[in-house]
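Visitor: I would like to learn how to read a protein model feature by feature. Could you take me through one?

Guide: Gladly! Let's bring it up and start with the helices and sheets.

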Amino acid sequence: MPYLSPALNVMIAAARKAGRKLIRDYGEIENLQISMKGPADFVSTADRRTEDMLLEELQRARPHYSFVTEERPAIEGPDKTHRFIIDPIDGTTNFLHGIPHFAISIGLEREGQLVSGVIFNPVTDEMYVAEKGQGAYLNDKRLRVAARTKLNEVIVATGIPFLGRPGHETFAGELAAIMGATAGVRRFGAASLDLAYVAAGRFDGYWERGLHPWDVAAGILLVKEAGGVVTDLDGGAQALEGGHILAANEALHPQILKLLKGAAKS
Ligand code: IPD
């Protein structure tokens, strides 16, 4: 990346440090899978510990900033114009099952605008970073969203509501609309990586409902900086806080949105 802001450097260092511990925890999971107790408690502890490490690193460098994290109540710092939005393990269910597809996700907002993002999968050592106006990168490679424009050629990722979550019927309708029109649908289980894969041109699009800001903050910036379009599922600007999202390239975004809106009506 040609220019790394001091804040982005701090975020990358925090993700790398927490990622090293997370890898060791992940190694333990395989042993715990076969125990009667199972790894659930261990994973909650790993989740909280990772969050603690990230908070410690980021607070040391930026003590006045505010924080929104998955595992703890929000922290209002004296500086309310800067806010870190953190998911210590996005893809917790994958982590719990020993599936190597999860990530640390850190977004930074300045005056309500996403300005820096980091998504780090410590297993694959893939570090996705983006800075507003500076582009999106995977390790040192510049990212561009895929150029495909025909629905019948594209792969679209999503998230499926599970036990205890609402919206199963809505999702079934949306899935039917998308799977009938595209080359395939993928459900990999980590929203941040779904967005990172859209930025990298691996997935052509991604939609999901029932999300939290920490699932998508860094990923929204990555897709936009890779030349993509990100909205909520009404086509509006509430992708971060609204709980629903659609990301794709400029040509595909309106086509996928139309299919999803049509499904919601029927
Ligand atoms: C979850 C993952 C998953 C998505 C869920 C999220 P978590 O985040 O991103 O892909 O489908 O909606 O809650 O709980 O693993 O941080």
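Visitor: Which strands does helix α4 lie across?

Guide: Keep in mind that this is a predicted model. Helix α4, residues 168-181, lies across β8, β9 and β10. Its direction makes about 165° with that of β10. Helix α5 (residues 191-199) lies across β8, β10 and β12, running at about 155° to β10.

Visitor: What is the order of the strands in that open sheet of five?

Guide: In general, the strands of a sheet pair through backbone hydrogen bonds, either parallel or antiparallel. Here the order is β9-β8-β10-β12-β11, with mixed pairing. Both β9 (184-186) and β11 (229-231) stand at the edges with a single partner strand each, so one side of each has no neighbour in the sheet. From one strand to the next, the twist averages 15°.

Visitor: How many bridges join β8 to β9?

Guide: Three bridges join them, and the two strands run parallel. To find the place by residue, look at I155, which stands opposite G184 in β9.

Visitor: Which strands form the open sheet of seven?

Guide: That sheet is ordered β1-β2-β3-β4-β5-β6-β7, and its pairing is mixed. At its edges are β1 and β7 (141-142); each has a single partner strand, so one side of each is left without a neighbour in the sheet. Within this sheet, seven bridges join β2 to β3 (residues 103-110), and these strands run antiparallel.

Visitor: Which residues touch the most other members of the largest nonpolar core?

Guide: As a general idea, nonpolar side chains in soluble globular proteins tend to be buried together. In this model the largest nonpolar core has 37 residues, and Y128 and I245 touch the most other members. Elements giving two or more residues to this core include β4 (113-121), β5 (126-131), β6 (135-138) and β12. Helices α5 and α6 (213-225) are also among them, and α6 gives the most, with eight residues.

Visitor: Now for the aromatic rings. How many aromatic pairs does the structure hold?

Guide: A pair of rings is described by the distance of the centres and the angle of the planes. This structure holds nine such pairs. In one of them, the ring centres of Y65 and F84 are 5.5 Å apart and the planes meet at 35°, so the pair is tilted. The pair links distant parts of the chain, with Y65 in β1 (residues 65-69) and F84 in β2 (residues 79-90), 19 residues apart. Both Y65 and F84 are buried.

Visitor: Why is the pair F188 and Y197 edge-to-face?

Guide: The planes of these two rings stand at 85°, and an angle over 60 degrees counts as edge-to-face. Their centres are 6.3 Å apart.

Visitor: Is F188 buried or partly exposed?

Guide: F188 counts as partly exposed because its relative accessibility is 34%, whereas Y197, at 13%, counts as buried. There is also a charge to look for: the charged end of R202 sits over the ring of Y197, 4.6 Å from its centre.

Visitor: Which residues form an aromatic cluster?

Guide: Y26, F95 and F102 form one aromatic cluster.

Methods. Residues are numbered from 1 along each chain as its sequence is written. This is a predicted model: local features need pLDDT of at least 70, side-chain atom pairs count only at pLDDT 80 or more; totals for chains, interfaces and linings use all residues. Side-chain values use heavy atoms; hydrogens and water are left out. Two strands pair if DSSP finds at least two bridges between them. Helices (H or I, at least four residues) and strands (E, at least two) are DSSP runs, numbered from the N terminus. Axes are lines fitted to C-alpha atoms, for helices over the stretch in contact, and angles run from 0 to 180 degrees between N-to-C directions. Contact means heavy atoms within 4.5 Å. Rings of Phe, Tyr and Trp (its six-membered ring) pair if their centres lie within 6.5 Å; planes under 30 degrees apart count as stacked, over 60 as edge-to-face and the rest as tilted. Buried means under 20% relative accessible area, exposed over 50%, partly exposed in between (1.4 Å probe, protein chains only). A charge sits over a ring if NZ of Lys or CZ of Arg is within 6 Å of the ring centre and within 35 degrees of the ring normal. A nonpolar core is a set of buried Ala, Val, Leu, Ile, Met, Phe, Trp, Tyr and Cys residues joined through side-chain atoms within 4.5 Å.
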